[in-house]
Amino acid sequence: MLGRLNHVAIAVKDAKQAAKIYGTAFNAEISDAVPLPEHGVITVFVTLPNTKIEFIEPLGEASPIAKFVERNADGGIHHVCYDVPDIIAARDRMIAEGARVLGDGQPKIGAHGKPVLFFHPKDFSGALVEIEQA
Ligand SMILES: C[C@@H](C(=O)O)C(=O)SCCNC(=O)CCNC(=O)[C@H](O)C(C)(C)COP(=O)(O)OP(=O)(O)OC[C@H]1O[C@@H](n2cnc3c(N)ncnc32)[C@H](O)[C@@H]1OP(=O)(O)O
Ligand SMILES: [Co+2]
């Protein structure tokens with residue numbers, strides 16, 4: 001059920017600015033900044049051969065990352081995202097095993113145009129988990 005590492009997210013005040021050093025120091029490919037109002041974030045992706053780094057910055061009043069960025073003023077690792085083949089089957093199995101799904105439990109379309117869900121960090125050793133239907 002657990003597929004590839006889709007991305008690791010780093011939450012910051014300014015996603016474009018934060019990604020810059022990956023372009024200069026690592027010569028990595030960096031995406032444009034894309035606002036995702038439904039998720040309350042602006043994203044910038046850095047592409048690696050085997051995964052991505054997702055820089056996220058708060059967008060709007062109700063951003064779910066606002067408090068995290070306040071607490072981590074210099075930025076910090078925010079979540080890990082795993083591919084799953086069937087997001088509904090994965091969600092139901094994780095809930096049955098005691099993991100708490102966040103929000104209303106219904107998948108939203110994520111940054112890659114595919115359904116995503118989040119699970120509470122307290123149920124995963126302090127690491128917020130996102131799953132994305134591969
Ligand atoms: C577009 C998309 C994509 O890739 O496609 C994205 O990724 S969008 C990425 C942004 N979207 C999301 O993150 C959606 C899911 N996230 C959420 O619903 C929220 O961020 C929560 C995870 C519920 C946390 O919300 P908030 O910080 O407001 O709650 P809170 O301050 O009460 O925190 C409750 C406890 O969880 C801890 N906590 C909060 N955020 C955490 C994180 N990212 N990693 C680990 N622990 C975390 C706090 O320190 C606190 O611990 P103590 O109680 O010990 O002090
Ligand atoms: Co993400």
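User: How many aromatic pairs does the structure hold?
Analyst: This is a predicted model, and the structure holds three aromatic pairs. One of them is formed by Tyr22 and Phe55, an edge-to-face pair with 5.4 Å from centre to centre and 75° between the planes.

User: Where in the chain do Tyr22 and Phe55 sit?
Analyst: Tyr22 is in helix H1, residues 15-25, and Phe55 is in strand S5. The two are 33 residues apart, so this pair links distant parts of the chain.

User: Is Phe55 buried or exposed?
Analyst: Phe55 is buried, because its relative accessible area is 3% and buried means under 20%. Tyr22 has 21% relative accessibility, so it counts as partly exposed.

User: What about Phe119 and Phe124?
Analyst: Phe119 and Phe124 also form an edge-to-face pair, with 6.4 Å between the centres and 70° between the planes. Phe119 is at 0% relative accessibility and counts as buried. Phe124 has a relative accessible area of 28%, which makes it partly exposed.

User: Which residues do ring pairs link into a cluster?
Analyst: Tyr22, Phe26 and Phe55 are linked into a cluster by ring pairs.

User: New topic. How much space lies in the largest pocket?
Analyst: The largest pocket holds about 920 Å³ of space.

User: Which elements give two or more residues to its lining?
Analyst: Those elements are strands S4 (41-47), S5 (52-58), S6, S8 (115-119) and S9 (128-133), together with helix H2.

User: How many residues line the largest pocket, and which lie nearest its centre?
Analyst: The lining has 41 residues, and Pro64, His78, Leu102, Phe118 and Leu128 are the ones nearest the centre.

User: How do the lining residues divide into nonpolar, polar and charged?
Analyst: The lining of the largest pocket has 19 nonpolar residues, 13 polar ones and nine charged ones.

User: Okay, backbone now. What is the phi of Asn27?
Analyst: Phi of Asn27 is near 55°, which is a positive value in a residue other than glycine. Asn27 lies in the loop between H1 and strand S2 (29-30).

User: Is Asn27 buried or exposed?
Analyst: Asn27 is exposed, since its relative accessible area is 69% and the cut-off for exposed is over 50%.

User: And what is the phi of Ser125?
Analyst: Ser125 has a positive phi of about 55°, although it is not a glycine. Ser125 is placed in the loop between S8 and S9. With a relative accessible area of 80%, Ser125 is exposed.

User: Where is Asp74 found?
Analyst: Asp74 is in the loop between helix H2 (66-71) and strand S6 (76-84). Its relative accessibility is 81%, so Asp74 counts as exposed.

User: How far apart are Asp74 and Asn27?
Analyst: In sequence, Asp74 and Asn27 are 47 residues apart. In space, the C-alpha to C-alpha distance between them is 23 Å.

User: What feature does UniProt place at residues 4-134?
Analyst: The UniProt record, an unreviewed entry, places the feature "domain: VOC" there. In the model, residues 4-134 are 21% helix and 37% strand, and the end C-alpha atoms of the span lie 9 Å apart.

User: Last one. What scores does the model get?
Analyst: The model has an ipTM of 0.98 and a pTM of 0.98. The chain averages a pLDDT of 98, and 100% of the residues score at least 70.

Conventions: Residues numbered from 1 in each chain as written. Chains lettered and ligands numbered in written order. Predicted model: local features only at pLDDT ≥ 70, side-chain atom pairs only at ≥ 80, totals over all residues. Heavy atoms only, no water. Helix = DSSP H or I, 4+ residues; strand = E, 2+ residues; numbered from the N terminus. Buried < 20%, exposed > 50% of the residue type's maximum accessible area, 1.4 Å probe, protein only. UniProt positions renumbered as here; feature names shortened; annotations may be inferred. pLDDT = per-residue confidence, 0-100. 1 Å grid on protein atoms, 1.4 Å probe; cavity = no way out; pocket = protein on both sides within 12 Å on 5 of 7 lines; lining within 4 Å. Points joined across faces, edges and corners; volume = space filled by probe spheres on them. Nonpolar A, V, L, I, M, F, W, Y, C, P; charged D, E, K, R; others polar. Phe/Tyr/Trp six-rings, centres within 6.5 Å; stacked < 30°, edge-to-face > 60°.
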